[in-house]
Amino acid sequence: MYTVPKLEDFSPAALDTAAADLLAALKAEAAAASGAEAFAEFRNRWMARKNGLLTQVNELWLKSAPGPAKREVGQRVNSLKQEAEALVTAAEAEAATGALRAKLAGERVDISLPGIARPLGVRHPVLRTLDELISVFVKMGYSVAEGPEVETDYYNFEALNFPPNHPARDTQDTLFVSGQEAKAQRDRLLLRTHTSPVQIRTMENLKPPVRVICPGKVHRNDAPDATHSPVFHQLEGLCVDTNITFGDLKGTLDHAMKSMFGSAVKTSFRPSFFPFTEPSVEVSISCPFCGGKGCRPCKQSGWIELLGAGMVDPNVFGFVNYDAKKLSGFAFGMGVERLAMMTYNVDDIQQFFYGDMRFLEQFA
Ligand code: PHE
(Lines give C-alpha, C1' and ligand atoms only; values in the text may rest on other atoms or scores of the structure.)
Protein backbone atom coordinates (compact mmCIF):
# COMPACT_ATOMS: atom_id res chain seq x y z
CA MET A 1 0.00 0.00 0.00
CA TYR A 2 1.15 3.50 -0.87
CA THR A 3 3.05 5.54 1.69
CA VAL A 4 4.28 9.10 1.29
CA PRO A 5 8.02 8.89 0.68
CA LYS A 6 10.62 11.16 2.23
CA LEU A 7 12.22 13.30 -0.45
CA GLU A 8 15.96 13.73 -0.94
CA ASP A 9 15.70 15.42 -4.30
CA PHE A 10 13.60 18.58 -4.49
CA SER A 11 14.17 19.21 -8.20
CA PRO A 12 11.07 19.89 -10.33
CA ALA A 13 11.49 16.57 -12.12
CA ALA A 14 11.71 14.62 -8.86
CA LEU A 15 8.65 16.49 -7.49
CA ASP A 16 6.70 15.69 -10.67
CA THR A 17 7.46 12.00 -10.33
CA ALA A 18 6.51 11.95 -6.63
CA ALA A 19 3.24 13.81 -7.36
CA ALA A 20 2.37 11.46 -10.23
CA ASP A 21 2.99 8.42 -7.98
CA LEU A 22 0.77 9.86 -5.30
CA LEU A 23 -2.13 10.66 -7.67
CA ALA A 24 -1.87 7.24 -9.32
CA ALA A 25 -2.11 5.57 -5.91
CA LEU A 26 -5.05 7.76 -4.92
CA LYS A 27 -6.93 6.92 -8.13
CA ALA A 28 -6.32 3.22 -7.74
CA GLU A 29 -7.53 3.23 -4.12
CA ALA A 30 -10.61 5.32 -5.00
CA ALA A 31 -11.54 2.84 -7.69
CA ALA A 32 -11.04 -0.07 -5.33
CA ALA A 33 -13.12 1.38 -2.48
CA SER A 34 -16.58 -0.10 -2.97
CA GLY A 35 -19.34 0.35 -0.45
CA ALA A 36 -19.96 3.20 1.96
CA GLU A 37 -17.72 1.80 4.66
CA ALA A 38 -14.71 1.17 2.43
CA PHE A 39 -15.14 4.60 0.90
CA ALA A 40 -15.22 6.31 4.30
CA GLU A 41 -12.02 4.49 5.19
CA PHE A 42 -10.40 5.56 1.94
CA ARG A 43 -11.45 9.16 2.44
CA ASN A 44 -10.12 9.19 5.95
CA ARG A 45 -6.77 7.65 4.97
CA TRP A 46 -6.17 10.44 2.47
CA MET A 47 -7.96 13.45 3.83
CA ALA A 48 -7.85 13.21 7.63
CA ARG A 49 -6.47 16.45 9.05
CA LYS A 50 -4.43 14.59 11.56
CA ASN A 51 -2.01 12.28 9.81
CA GLY A 52 -3.95 11.79 6.59
CA LEU A 53 -1.67 11.16 3.59
CA LEU A 54 -2.15 14.70 2.29
CA THR A 55 -1.19 16.09 5.68
CA GLN A 56 1.89 13.92 5.58
CA VAL A 57 2.81 15.52 2.24
CA ASN A 58 2.96 18.82 4.07
CA GLU A 59 5.25 17.38 6.72
CA LEU A 60 7.52 15.25 4.55
CA TRP A 61 7.81 17.34 1.41
CA LEU A 62 7.15 20.97 2.28
CA LYS A 63 8.56 21.33 5.77
CA SER A 64 11.74 19.40 4.97
CA ALA A 65 12.41 21.30 1.73
CA PRO A 66 15.62 23.34 1.82
CA GLY A 67 15.06 27.10 2.11
CA PRO A 68 15.60 28.14 -1.52
CA ALA A 69 13.28 25.39 -2.84
CA LYS A 70 10.42 26.11 -0.34
CA ARG A 71 8.54 28.53 -2.59
CA GLU A 72 8.57 26.21 -5.58
CA VAL A 73 7.73 23.13 -3.45
CA GLY A 74 4.93 25.01 -1.66
CA GLN A 75 3.23 25.87 -4.95
CA ARG A 76 3.48 22.32 -6.20
CA VAL A 77 2.24 20.80 -2.97
CA ASN A 78 -0.73 23.16 -2.97
CA SER A 79 -1.83 22.33 -6.48
CA LEU A 80 -1.22 18.64 -5.80
CA LYS A 81 -3.47 18.79 -2.76
CA GLN A 82 -6.18 20.61 -4.73
CA GLU A 83 -6.05 17.97 -7.41
CA ALA A 84 -6.17 15.18 -4.86
CA GLU A 85 -9.15 16.73 -3.11
CA ALA A 86 -11.01 17.12 -6.40
CA LEU A 87 -10.35 13.46 -7.15
CA VAL A 88 -11.72 12.37 -3.78
CA THR A 89 -14.84 14.52 -4.24
CA ALA A 90 -15.36 13.15 -7.74
CA ALA A 91 -14.88 9.61 -6.49
CA GLU A 92 -17.41 10.26 -3.76
CA ALA A 93 -20.02 11.48 -6.24
CA GLU A 94 -19.25 8.52 -8.46
CA ALA A 95 -19.72 6.15 -5.53
CA ALA A 96 -23.15 7.68 -4.77
CA THR A 97 -24.44 7.41 -8.34
CA GLY A 98 -22.90 3.95 -8.55
CA ALA A 99 -24.97 2.87 -5.55
CA LEU A 100 -28.10 4.34 -7.12
CA ARG A 101 -27.36 2.64 -10.41
CA ALA A 102 -26.86 -0.66 -8.64
CA LYS A 103 -30.18 -0.20 -6.83
CA LEU A 104 -32.01 0.70 -10.04
CA ALA A 105 -30.50 -2.24 -11.85
CA GLY A 106 -32.47 -4.44 -9.47
CA GLU A 107 -35.74 -2.61 -10.09
CA ARG A 108 -37.98 -2.71 -13.07
CA VAL A 109 -40.75 -0.25 -13.83
CA ASP A 110 -43.21 -1.58 -16.34
CA ILE A 111 -44.72 1.57 -17.76
CA SER A 112 -47.22 -0.46 -19.77
CA LEU A 113 -49.03 -1.63 -16.59
CA PRO A 114 -52.42 0.02 -16.09
CA GLY A 115 -52.45 2.66 -13.32
CA ILE A 116 -54.55 2.56 -10.18
CA ALA A 117 -57.85 4.16 -11.13
CA ARG A 118 -59.27 6.25 -8.32
CA PRO A 119 -63.04 6.25 -8.75
CA LEU A 120 -64.74 9.62 -8.54
CA GLY A 121 -67.04 9.95 -5.55
CA VAL A 122 -70.71 10.77 -6.01
CA ARG A 123 -73.22 12.41 -3.71
CA HIS A 124 -74.96 10.06 -1.32
CA PRO A 125 -78.56 9.39 -2.40
CA VAL A 126 -79.89 10.95 0.81
CA LEU A 127 -77.96 14.17 0.28
CA ARG A 128 -78.93 14.15 -3.37
CA THR A 129 -82.60 13.99 -2.43
CA LEU A 130 -82.07 16.71 0.16
CA ASP A 131 -80.38 18.92 -2.45
CA GLU A 132 -83.24 18.39 -4.89
CA LEU A 133 -85.78 19.31 -2.22
CA ILE A 134 -83.81 22.38 -1.25
CA SER A 135 -83.68 23.57 -4.84
CA VAL A 136 -87.44 23.13 -5.22
CA PHE A 137 -88.05 25.39 -2.22
CA VAL A 138 -85.28 27.85 -3.03
CA LYS A 139 -87.03 28.44 -6.36
CA MET A 140 -90.15 29.36 -4.38
CA GLY A 141 -88.20 31.98 -2.46
CA TYR A 142 -87.25 30.00 0.64
CA SER A 143 -83.86 30.39 2.25
CA VAL A 144 -81.98 27.73 4.18
CA ALA A 145 -81.55 27.84 7.97
CA GLU A 146 -79.67 25.44 10.19
CA GLY A 147 -79.63 24.66 13.88
CA PRO A 148 -77.71 22.48 16.34
CA GLU A 149 -78.22 18.72 16.59
CA VAL A 150 -77.70 18.87 20.35
CA GLU A 151 -80.67 20.93 21.46
CA THR A 152 -82.22 22.09 24.68
CA ASP A 153 -85.55 20.80 25.91
CA TYR A 154 -86.86 24.34 25.38
CA TYR A 155 -86.26 24.47 21.63
CA ASN A 156 -87.04 20.84 20.88
CA PHE A 157 -90.25 20.72 22.93
CA GLU A 158 -91.36 23.57 25.17
CA ALA A 159 -91.35 26.45 22.69
CA LEU A 160 -93.05 24.13 20.19
CA ASN A 161 -95.94 23.92 22.60
CA PHE A 162 -95.08 20.55 24.11
CA PRO A 163 -95.48 21.37 27.83
CA PRO A 164 -93.40 19.34 30.31
CA ASN A 165 -94.93 15.88 30.72
CA HIS A 166 -97.25 16.36 27.77
CA PRO A 167 -98.00 12.94 26.24
CA ALA A 168 -97.15 14.24 22.75
CA ARG A 169 -93.50 14.05 23.86
CA ASP A 170 -93.85 10.28 23.89
CA THR A 171 -94.39 10.22 20.12
CA GLN A 172 -90.72 11.17 19.70
CA ASP A 173 -88.63 8.70 21.69
CA THR A 174 -85.87 11.02 22.76
CA LEU A 175 -82.15 10.45 23.34
CA PHE A 176 -81.23 12.63 26.32
CA VAL A 177 -77.74 13.83 27.17
CA SER A 178 -76.80 12.43 30.58
CA GLY A 179 -75.87 14.46 33.66
CA GLN A 180 -78.35 17.27 33.00
CA GLU A 181 -80.41 16.83 36.18
CA ALA A 182 -78.95 19.88 37.93
CA LYS A 183 -80.29 22.18 35.21
CA ALA A 184 -83.78 23.58 34.87
CA GLN A 185 -85.75 21.29 32.56
CA ARG A 186 -85.85 23.83 29.72
CA ASP A 187 -82.02 23.96 29.62
CA ARG A 188 -81.41 20.21 29.61
CA LEU A 189 -79.67 18.91 26.51
CA LEU A 190 -80.98 16.23 24.18
CA LEU A 191 -80.45 15.13 20.59
CA ARG A 192 -83.06 16.93 18.54
CA THR A 193 -85.86 14.60 17.53
CA HIS A 194 -86.97 16.79 14.65
CA THR A 195 -85.87 19.90 12.76
CA SER A 196 -88.79 21.93 14.16
CA PRO A 197 -86.60 23.65 16.81
CA VAL A 198 -85.03 25.55 13.92
CA GLN A 199 -88.47 27.16 13.40
CA ILE A 200 -88.14 28.72 16.85
CA ARG A 201 -84.51 29.75 16.40
CA THR A 202 -85.37 31.34 13.06
CA MET A 203 -88.33 33.34 14.42
CA GLU A 204 -86.23 34.50 17.38
CA ASN A 205 -83.74 35.99 14.92
CA LEU A 206 -85.86 37.18 12.00
CA LYS A 207 -88.75 39.58 11.78
CA PRO A 208 -91.63 38.37 9.62
CA PRO A 209 -92.17 37.68 6.78
CA VAL A 210 -90.30 34.40 7.10
CA ARG A 211 -89.81 31.70 4.50
CA VAL A 212 -87.19 29.16 5.48
CA ILE A 213 -86.40 25.52 5.07
CA CYS A 214 -84.29 23.70 7.64
CA PRO A 215 -82.53 20.55 6.44
CA GLY A 216 -80.71 18.40 8.92
CA LYS A 217 -80.01 15.29 10.90
CA VAL A 218 -82.33 14.20 13.69
CA HIS A 219 -82.13 11.42 16.27
CA ARG A 220 -84.66 9.12 17.88
CA ASN A 221 -84.34 6.15 20.16
CA ASP A 222 -85.85 3.84 17.55
CA ALA A 223 -84.61 0.31 16.88
CA PRO A 224 -83.30 0.06 13.33
CA ASP A 225 -85.44 -1.87 10.86
CA ALA A 226 -86.39 -1.56 7.19
CA THR A 227 -88.22 1.74 7.78
CA HIS A 228 -86.62 3.10 10.96
CA SER A 229 -83.18 4.41 11.79
CA PRO A 230 -82.08 6.11 15.02
CA VAL A 231 -80.44 8.78 12.86
CA PHE A 232 -82.21 10.21 9.85
CA HIS A 233 -82.77 13.49 8.03
CA GLN A 234 -85.66 15.86 7.86
CA LEU A 235 -86.52 18.89 5.82
CA GLU A 236 -88.52 21.42 7.76
CA GLY A 237 -90.35 24.34 6.21
CA LEU A 238 -91.80 27.48 7.76
CA CYS A 239 -93.70 30.30 6.14
CA VAL A 240 -95.02 33.20 8.20
CA ASP A 241 -96.57 36.41 6.93
CA THR A 242 -99.87 38.27 7.03
CA ASN A 243 -102.78 36.38 5.46
CA ILE A 244 -101.09 33.02 5.04
CA THR A 245 -103.82 30.42 4.69
CA PHE A 246 -104.22 26.67 4.57
CA GLY A 247 -104.61 27.13 0.81
CA ASP A 248 -101.02 28.38 0.67
CA LEU A 249 -99.89 25.30 2.56
CA LYS A 250 -101.74 23.00 0.16
CA GLY A 251 -100.50 24.78 -2.95
CA THR A 252 -96.90 24.86 -1.75
CA LEU A 253 -96.72 21.19 -0.83
CA ASP A 254 -98.65 20.09 -3.91
CA HIS A 255 -96.19 21.97 -6.09
CA ALA A 256 -93.19 20.55 -4.19
CA MET A 257 -94.40 16.96 -4.51
CA LYS A 258 -95.15 17.38 -8.22
CA SER A 259 -91.63 18.79 -8.70
CA MET A 260 -90.15 15.77 -6.97
CA PHE A 261 -92.31 12.95 -8.31
CA GLY A 262 -93.82 14.27 -11.53
CA SER A 263 -96.84 16.39 -12.37
CA ALA A 264 -99.18 13.38 -12.30
CA VAL A 265 -98.95 12.89 -8.52
CA LYS A 266 -101.81 14.12 -6.37
CA THR A 267 -101.62 15.20 -2.76
CA SER A 268 -104.07 14.36 -0.01
CA PHE A 269 -104.44 16.07 3.36
CA ARG A 270 -105.92 14.27 6.36
CA PRO A 271 -106.41 15.65 9.88
CA SER A 272 -103.66 14.85 12.36
CA PHE A 273 -102.11 16.29 15.50
CA PHE A 274 -98.92 18.13 16.29
CA PRO A 275 -98.68 20.41 19.34
CA PHE A 276 -97.15 23.24 17.30
CA THR A 277 -99.63 23.33 14.42
CA GLU A 278 -103.39 23.85 14.45
CA PRO A 279 -104.98 22.46 12.42
CA SER A 280 -102.45 19.70 11.70
CA VAL A 281 -102.39 17.35 8.75
CA GLU A 282 -100.71 14.25 7.41
CA VAL A 283 -99.91 14.68 3.75
CA SER A 284 -99.89 11.74 1.36
CA ILE A 285 -99.11 11.58 -2.33
CA SER A 286 -100.74 9.29 -4.85
CA CYS A 287 -98.41 6.34 -5.36
CA PRO A 288 -95.93 7.29 -8.10
CA PHE A 289 -95.21 3.60 -8.77
CA CYS A 290 -98.72 2.42 -9.63
CA GLY A 291 -100.48 5.73 -10.21
CA GLY A 292 -102.89 4.98 -7.36
CA LYS A 293 -104.06 1.52 -8.45
CA GLY A 294 -102.39 -0.23 -5.55
CA CYS A 295 -99.00 -1.99 -5.41
CA ARG A 296 -96.43 -3.27 -2.91
CA PRO A 297 -94.73 0.07 -2.05
CA CYS A 298 -98.09 1.73 -1.28
CA LYS A 299 -99.39 -1.40 0.46
CA GLN A 300 -102.25 -1.63 -2.07
CA SER A 301 -103.69 1.67 -0.78
CA GLY A 302 -102.71 3.86 -3.75
CA TRP A 303 -101.33 6.50 -1.33
CA ILE A 304 -98.03 7.06 0.44
CA GLU A 305 -97.80 9.19 3.57
CA LEU A 306 -94.84 11.56 3.32
CA LEU A 307 -95.24 14.68 5.46
CA GLY A 308 -96.50 16.23 8.62
CA ALA A 309 -97.74 19.79 8.34
CA GLY A 310 -100.17 22.39 9.62
CA MET A 311 -100.87 26.02 10.38
CA VAL A 312 -98.51 27.45 13.02
CA ASP A 313 -100.22 27.29 16.42
CA PRO A 314 -100.69 30.81 17.86
CA ASN A 315 -99.11 29.58 21.11
CA VAL A 316 -95.85 29.09 19.21
CA PHE A 317 -95.94 32.73 18.06
CA GLY A 318 -96.27 33.62 21.75
CA PHE A 319 -92.91 31.99 22.51
CA VAL A 320 -91.09 34.11 19.92
CA ASN A 321 -92.89 37.42 20.38
CA TYR A 322 -94.67 37.30 17.06
CA ASP A 323 -98.06 38.99 17.00
CA ALA A 324 -100.49 36.11 16.59
CA LYS A 325 -103.32 38.55 15.85
CA LYS A 326 -101.59 39.94 12.75
CA LEU A 327 -99.62 36.96 11.55
CA SER A 328 -100.35 33.48 10.34
CA GLY A 329 -98.19 30.77 8.85
CA PHE A 330 -97.71 27.16 7.99
CA ALA A 331 -95.03 24.62 8.71
CA PHE A 332 -94.19 21.20 7.37
CA GLY A 333 -91.67 18.48 7.98
CA MET A 334 -90.66 15.49 5.92
CA GLY A 335 -88.34 12.54 6.27
CA VAL A 336 -85.63 12.75 3.64
CA GLU A 337 -84.75 9.02 3.65
CA ARG A 338 -88.41 8.26 3.06
CA LEU A 339 -88.38 10.44 -0.04
CA ALA A 340 -85.05 9.01 -1.18
CA MET A 341 -86.49 5.49 -0.82
CA MET A 342 -89.38 6.54 -3.05
CA THR A 343 -87.18 8.30 -5.58
CA TYR A 344 -84.66 5.49 -5.94
CA ASN A 345 -86.96 2.57 -5.19
CA VAL A 346 -84.96 1.44 -2.14
CA ASP A 347 -86.86 -0.91 0.15
CA ASP A 348 -84.60 -0.86 3.22
CA ILE A 349 -83.63 2.43 4.91
CA GLN A 350 -80.57 0.74 6.41
CA GLN A 351 -78.98 0.57 2.95
CA PHE A 352 -78.34 4.29 3.21
CA PHE A 353 -76.13 3.80 6.26
CA TYR A 354 -74.27 0.51 5.65
CA GLY A 355 -71.73 2.18 3.36
CA ASP A 356 -71.82 -0.87 1.08
CA MET A 357 -70.08 0.11 -2.17
CA ARG A 358 -72.26 -2.22 -4.22
CA PHE A 359 -75.27 -0.18 -3.12
CA LEU A 360 -73.65 3.24 -3.40
CA GLU A 361 -72.07 2.60 -6.81
CA GLN A 362 -75.54 2.39 -8.31
CA PHE A 363 -75.87 6.12 -7.81
CA ALA A 364 -72.71 6.95 -9.77
N1 PHE B 1 -91.71 17.84 13.45
C2 PHE B 1 -92.73 16.91 13.05
C3 PHE B 1 -92.17 15.50 13.19
O4 PHE B 1 -91.00 15.31 13.17
C5 PHE B 1 -93.17 17.13 11.62
C6 PHE B 1 -93.86 18.45 11.43
C7 PHE B 1 -93.14 19.56 11.10
C8 PHE B 1 -95.24 18.56 11.58
C9 PHE B 1 -93.76 20.78 10.91
C10 PHE B 1 -95.87 19.76 11.40
C11 PHE B 1 -95.14 20.86 11.06
O12 PHE B 1 -92.92 14.54 13.31
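## The ligand shell and some backbone details

Colleague: How far does a polar side-chain atom of His 194 lie from a nitrogen atom of the ligand?

Modeller: Bear in mind that this is a predicted model, in which local features need pLDDT of at least 70, side-chain atom pairs count only at pLDDT 80 or more, and totals for chains, interfaces and linings use all residues. Numbering starts from 1 along each chain as its sequence is written, and side-chain values use heavy atoms, with hydrogens and water left out. For His 194, the separation from the ligand nitrogen is 2.9 Å.

Colleague: What percentage of the ligand's exposed area does the protein bury?

Modeller: Ser 196 has a side-chain N or O atom 2.9 Å from a nitrogen atom of the ligand, while a polar side-chain atom of Arg 220 is 3.0 Å from a ligand oxygen. Taken alone, the ligand exposes 330 Å², an area from the Shrake-Rupley method with a 1.4 Å probe. The share of it buried by the protein is 92%.

Colleague: Which strand gives the most residues to the shell around the ligand?

Modeller: The shell has 15 residues, each with a heavy atom within 4 Å of the ligand. Strands are DSSP runs (E, at least two residues), and helices are H or I runs of at least four, both numbered from the N terminus. At least two shell residues come from each of β5 (231-241), β8 (303-312) and β9 (328-335). With three residues, the top contributor is β9.

Colleague: Why does the pair Asp 16 and Arg 76 tie together parts that are apart in sequence, and by how many residues?

Modeller: The whole structure holds 13 salt bridges, each a side-chain nitrogen of Lys or Arg within 4 Å of a carboxyl oxygen of Asp or Glu. One of them joins Asp 16 and Arg 76, at 2.4 Å from N to O. Because Asp 16 sits in helix α1 (residues 12-32) and Arg 76 in helix α4 (residues 70-105), the parts they tie together are apart in sequence by 60 residues.

Colleague: Where is Pro 279 found?

Modeller: Let's take the cis peptide bonds in turn. Pro 208 and Pro 209 are joined by one, with omega about 5°, and Pro 209 belongs to the loop between α7 (197-205) and β4 (210-219). The bond from Glu 278 to Pro 279 is also cis, with omega near -5°. As for Pro 279, its place is in strand β7 (residues 277-286).

Technical notes
Polar contact = N/O pair within 3.5 Å; in protein donor to acceptor, adjacent residues only side chain to side chain.
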